[in-house]
Amino acid sequence: MLRAMAELTRVATYRRTVRASADRVWENVHDWEHLPWLHRTSFSSIELRESGDWGWRARIGLQPEAPPRAIELELVLDSNAPRYVSRTLDGPGAGTEIWTEVRGRSDTATDISVEFLLPDVDPDAVDRLGEGMVALYTRLWDEDEDMMIHRAAGLTRGAATSTATESVELGPLAELRARLPLTVELAGKRFRIVEDDGELVAHSVVCPHMLGPLDAAAVEDGCVRCPWHGYRFDIRTGRNPDGQRLRLAGAPRVDVDEGGRVRLRP
Ligand code: FES
Ligand SMILES: [Fe+2]
């Protein structure tokens, strides 16, 4: 059924400089998968319908999860200008268009300008709706910016290929236990030591998907779950138990000698 085009009202414009390159910003625009993970306080789920160089379309669950509410959203790049539009096709706010212009300034600065165009707006509600949209987008861009900065740093470090050849002494077992989980650096790479099922295990803290941080990820059923896109990795084998062809980088072995001292061995 064709929906009549509602008149749209611009309720606010949000401008900021994001501390990341335009490449990181455009990568983030295409990255539909992070919505319910990185932005878990705003979105509860996502089901991709289709995607391509043009953008993507998906069904997105909204927070709070109860009562269940979802929108059908398409994000389409403008082929004539450095901007894209997010259109709500169905669900709460259907007809809304959010236009975002992206202008890179340097490797660490990109200007964005976001216009919020809402359908059927009561003139008395413009300011309130605008403030709500700006508050939401400030939070979303804060979360995106943290991810982009962390990823850019990881890409810069990524070239480091040094490998540990020496084992490292970590002191008496009882003292180490009291400090777990503990992140240590070895030959330029970071690993976290955790106790799982009574066993000390070291695992890489860099997610092999897009370099997300695993330093603070909870260990459940022997797996860490990345906070950026929700992929899981077995901390012992490094494998993804859900069929992704991704694997954590090899980690040192944690040994306890007869004297009760712990060593990381390459
Ligand atoms: S960076 Fe995507 S799941 Fe970790
Ligand atoms: Fe985002």
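1. A definition to start with: on a 1 Å grid over the protein atoms alone, a pocket is an open set of points with protein on both sides within 12 Å along at least five of seven lines, where a 1.4 Å probe that fits but cannot get out marks a cavity instead; lining residues have an atom within 4 Å of a point. Please keep in mind that this is a predicted model, in which local features need pLDDT of at least 70 and side-chain atom pairs pLDDT 80 or more, while totals for chains, interfaces and linings use all residues. Numbering runs from 1 along each chain as its sequence is written, and side-chain values use heavy atoms, with hydrogens and water left out.

2. The second largest pocket is lined by 15 residues, and nearest its centre are Arg-157, Gly-158, Lys-189, Ser-204 and Val-206. Its volume is about 390 Å³ (the space filled by probe spheres set on the points, which are joined across faces, edges and corners). Strand β10 (189-196) and helix α3 each supply at least two lining residues, with β10 giving the most, three. Helices here are DSSP runs of H or I with at least four residues, strands runs of E with at least two, numbered from the N terminus.

3. Now to the largest pocket, with a volume of about 740 Å³. Of its 32 lining residues, Phe-43, Ile-98, Leu-136, Tyr-137 and Leu-140 are the closest to the centre. Helix α3 contributes the largest share of this lining, six residues. By class, the lining holds 19 nonpolar, ten polar and three charged residues (nonpolar: Ala, Val, Leu, Ile, Met, Phe, Trp, Tyr, Cys and Pro; charged: Asp, Glu, Lys and Arg; polar: the others, Gly among them).

4. On to salt bridges (a side-chain nitrogen of Lys or Arg within 4 Å of a carboxyl oxygen of Asp or Glu): the count comes to 25. Glu-27 pairs with Arg-151, their closest N and O atoms being 2.8 Å apart. Glu-27 lies in helix α1 and Arg-151 in helix α3, so this pair ties together parts 124 residues apart in sequence. Arg-151 is buried, at 12% relative accessible area, whereas Glu-27 is partly exposed at 24% (buried is under 20%, exposed over 50%, partly exposed in between, with a 1.4 Å probe and protein chains only).

5. Two further items are worth a look. Asp-215 and Arg-190 meet in a salt bridge at 2.6 Å, N to O. Glu-47, Arg-49, Glu-50, Arg-57, Arg-59 and Glu-72 are linked in a salt-bridge network.

How values were computed: Chains are lettered from A and ligands numbered from 1 in the order in which they are written.
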